[in-house]
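Here is a short briefing on selected local features. Please view the structure first, then read the points by topic.

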Amino acid sequence: MSIDSYIAGPNGEMDWMVWNWDDKLKKYVYELNEPVDTILLGRKMTDGFVSYWSDVMTKPDDPSSIDRSHVFAKKMIDTPKVVFTKTLKKSQWANTDIATGDLTDEISKLKSLKGKDMIVYGGASFDSSLIRAGLIDEFHLFINPVAIGKGMTIFKDLNEIQKFTLIKSVAFDCGIDTQLDL
């Protein structure tokens, strides 16, 4: 996200983000995803997410991306995913289930299952719904050193103030700062 809290420009632009991740940031992201056994996605985000990581799997040596790590792409594809949607009845993606019920009920069901951690990879509307409902246990915010002035934010739909406790902040050489909040 930008320092002024946007995760994309008004039309979904992400060209302002820092993509030259250093090894320390890549390691942080790998470790963040290591204990994850479920990825949560909004419907609008899923096509891009699945197709991107599937592409990385087929071109492990292509340097055109921030991280063409075949191992990480395999983790993203092999990890079971749950897509939250009001419009789809059936998953068109491998290793992916559909959740169509009440958001709080669906998340409660997932949290009650045995397993490891879950991670949310968006999109903006889905993230915003989870935050508004108080369903996020931990935030890992990747702050890019830029202000964009307007765009998509995940905090726009709050009905009340939500207070967090900063657990740690890590600055990376590429300019990104990550903050872990609860």
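Buried means under 20% relative accessible area, exposed means over 50%, and partly exposed lies in between. By that cut-off F72 is buried, because its relative accessible area is 8%. The model is predicted. The points below cover a helix face, the ring pairs and one threonine.

**Helix α3**

- Helix α3 spans residues 70-78.
- Its buried residues are F72, A73, M76 and I77.
- These four sit on the same side of α3, because they cover an arc of only 135° around the axis.
- An α-helix has 3.6 residues a turn, so residues three or four places apart point the same way.
- What do the buried residues of α3 pack against? Their partners are α1 (23-33), β2 (36-42), α2 (43-58) and β3 (81-84).

**Aromatic pairs: Y30 and F72**

- There are nine aromatic pairs in the structure.
- One of them joins Y30 and F72, with ring centres 5.2 Å apart.
- The planes of Y30 and F72 meet at 50°, so this pair counts as tilted.
- The pair links distant parts of the chain. Y30 belongs to helix α1 and F72 to helix α3, 42 residues apart.
- Is Y30 buried or partly exposed? Y30 counts as partly exposed, because its relative accessibility is 30%.
- F72, by contrast, is buried at 8%.
- Ring pairs also build a cluster that consists of Y30, Y52, W53 and F72.

**Aromatic pairs: F139 and F155**

- The ring centres of F139 and F155 are 6.1 Å apart.
- Their planes lie at 35°, so this pair is tilted.
- F139 lies in strand β6 (residues 139-143), while F155 lies in the loop between β7 and β8 (166-171). The pair therefore ties together parts that are 16 residues apart in sequence.
- F139 is buried, because its relative accessible area is 7%.
- F155 counts as partly exposed, because its relative accessibility is 23%.

**T153**

- T153 lies in strand β7, which covers residues 152-153.
- Is T153 buried or exposed? T153 counts as buried, because its relative accessibility is 12%.
- Which backbone atoms does the T153 side chain reach? One is the backbone oxygen of S5, at 3.0 Å. Another is the backbone nitrogen of F155, at 3.2 Å.
- Leaving aside neighbours within four places in sequence, T153 is in contact with S5 and Y6.
- T153 and F139 are 14 residues apart along the chain. Their C-alpha atoms are separated by 14 Å.

Terms used:
Residues are numbered from 1 along each chain as its sequence is written. This is a predicted model: local features need pLDDT of at least 70, side-chain atom pairs count only at pLDDT 80 or more; totals for chains, interfaces and linings use all residues. Side-chain values use heavy atoms; hydrogens and water are left out. Helices (H or I, at least four residues) and strands (E, at least two) are DSSP runs, numbered from the N terminus. Buried means under 20% relative accessible area, exposed over 50%, partly exposed in between (1.4 Å probe, protein chains only). A polar contact is a pair of N or O atoms within 3.5 Å; within protein, one must be able to donate a hydrogen and the other to accept it, and residues adjacent in sequence count only if both atoms are side-chain atoms. Contact means heavy atoms within 4.5 Å. The arc is that of the directions from the helix axis to the C-beta atoms. Rings of Phe, Tyr and Trp (its six-membered ring) pair if their centres lie within 6.5 Å; planes under 30 degrees apart count as stacked, over 60 as edge-to-face and the rest as tilted.
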